Amino acid sequence: MAAALALCLAFGAEARGVEGERWDFTLPTLDGDRFLSLGRVDGPVLVNFWGRDCPPCVAELPRLQAFALQHPEWTVLLVSTDAPGVARDALKRRGIALPAVRAGANVAGLMRAAGNVGGGLPYSVAVNAAVICRTMAGELSPEDLVRWARACGPAATRGGS
């Protein structure tokens with residue numbers, strides 16, 4: 001558990017040079033019954049890398065679910081760093097009903113490709129039309145989510161904001 005906690009970040013950290021870049025991946029759902037491709041998801045997507053042993057990750061899960069309910073034009077996708085069964089159980093215990101996938105051994109490379117130079121959790125990426133709009137290492141605040149919704153939502157791609 002100490003190793004997992006060492007991956008957690010208490011505060012936001014730097015992400016380098018990825019905003020405006022294309023980013024796509026295809027990963028299996030936690031149930032393993034299908035694959036989800038980021039580039040095929042309509043509308044803006046908030047991708048959140050999390051782990052069950054990461055206190056800030058767990059703390060922001062209800063906030064992310066509330067964001068998804070308040071912003072139905074967004075898809076909030078959880079990328080688990082845990083084994084599928086462990087992640088499913090952790091989400092179920094907390095009443096979280098967001099789509100979730102498993103990154104497996106590729107998690108570090110996938111996060112690095114999205115600008116997570118430190119490899120810590122939680123790590124979030126706002127994507128619209130497979131292009132990175134915002135990234136953040138550390139727990140997202142309600143204010144962060146409001147800013148991201150304005151900057152990266154459907155209106156942003158039409159020139160509004």
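This is a predicted model: local features need pLDDT of at least 70, side-chain atom pairs count only at pLDDT 80 or more; totals for chains, interfaces and linings use all residues.
Residues are numbered from 1 along each chain as its sequence is written, and side-chain values use heavy atoms, with hydrogens and water left out.

- Ser124 is placed in strand S6, which covers residues 123-128; helices (H or I, at least four residues) and strands (E, at least two) are DSSP runs, numbered from the N terminus.
- With a relative accessible area of 0%, Ser124 is buried, a term that stands for under 20% relative accessible area, with exposed meaning over 50% and partly exposed in between (1.4 Å probe, protein chains only).
- When its neighbours within four places in sequence are left aside, Ser124 is in contact with Leu46, Val47, Asn48, Glu60, Arg134, Thr135, Met136, Leu140 and Trp148, contact meaning heavy atoms within 4.5 Å.
- Strands S6 and S7 run antiparallel and are joined by six bridges, two strands being paired if DSSP finds at least two bridges between them.
- The two strands form a hairpin with two residues between them, and Ala129 in the turn has a positive phi of about 55°, while Asn128 stands opposite Val131 in S7.
- Strand S7, residues 131-137, is mostly covered, as five of its seven residues are buried.

**Aromatic pairs and the nonpolar core**

- Four aromatic pairs are found in a search of the whole structure; rings of Phe, Tyr and Trp (its six-membered ring) pair if their centres lie within 6.5 Å, and planes under 30 degrees apart count as stacked, over 60 as edge-to-face and the rest as tilted.
- One of these pairs is that of Trp23 and Phe25, which is edge-to-face because the ring centres are 5.1 Å apart and the planes stand at 70°; both Trp23 and Phe25 are buried.
- Phe49 and Tyr123 form a tilted pair, with 6.4 Å from centre to centre and 45° between the planes, and this pair links distant parts of the chain, since Phe49 belongs to strand S3 (residues 45-50) and Tyr123 to strand S6, 74 residues apart.
- Phe49 counts as buried at 0% relative accessibility, and Tyr123 counts as buried at 0% relative accessibility.
- Ring pairs link Trp23, Phe25, Phe49 and Tyr123 into a cluster.
- The largest nonpolar core has 49 residues, and those with the most contacts inside it are Trp23, Phe25, Leu46, Val47, Phe49 and Leu78; such a core is a set of buried Ala, Val, Leu, Ile, Met, Phe, Trp, Tyr and Cys residues joined through side-chain atoms within 4.5 Å.
- Phe25 touches Leu36, Ser37, Leu38, Val47, Leu77, Val79 and Leu110, if residues up to four places away in sequence are not counted.

**Disulfides**

- The structure holds two disulfides, a disulfide being a pair of cysteine sulfur atoms within 2.5 Å.
- Cys54 is joined to Cys57 with an S to S distance of 2.4 Å, and this link is right-handed, with 70° about the S-S bond.
- Cys54 is buried with a relative accessible area of 1%, and Cys57 counts as buried at 0% relative accessibility.
- Cys133 is joined to Cys152 with an S to S distance of 2.0 Å, and this link is left-handed, with -80° about the S-S bond.
- Cys133 is buried with a relative accessible area of 15%, and Cys152 counts as buried at 1% relative accessibility.

**Ala100 in strand S5**

- Ala100 lies in strand S5, residues 100-102, and counts as buried at 12% relative accessibility.
- The C-alpha atoms of Ala100 and Leu78 are separated by 4.5 Å, although the two residues are 22 residues apart along the chain.
- With its neighbours within four places in sequence left aside, Ala100 is in contact with Thr29, Leu30, Leu77, Leu78 and Leu91.
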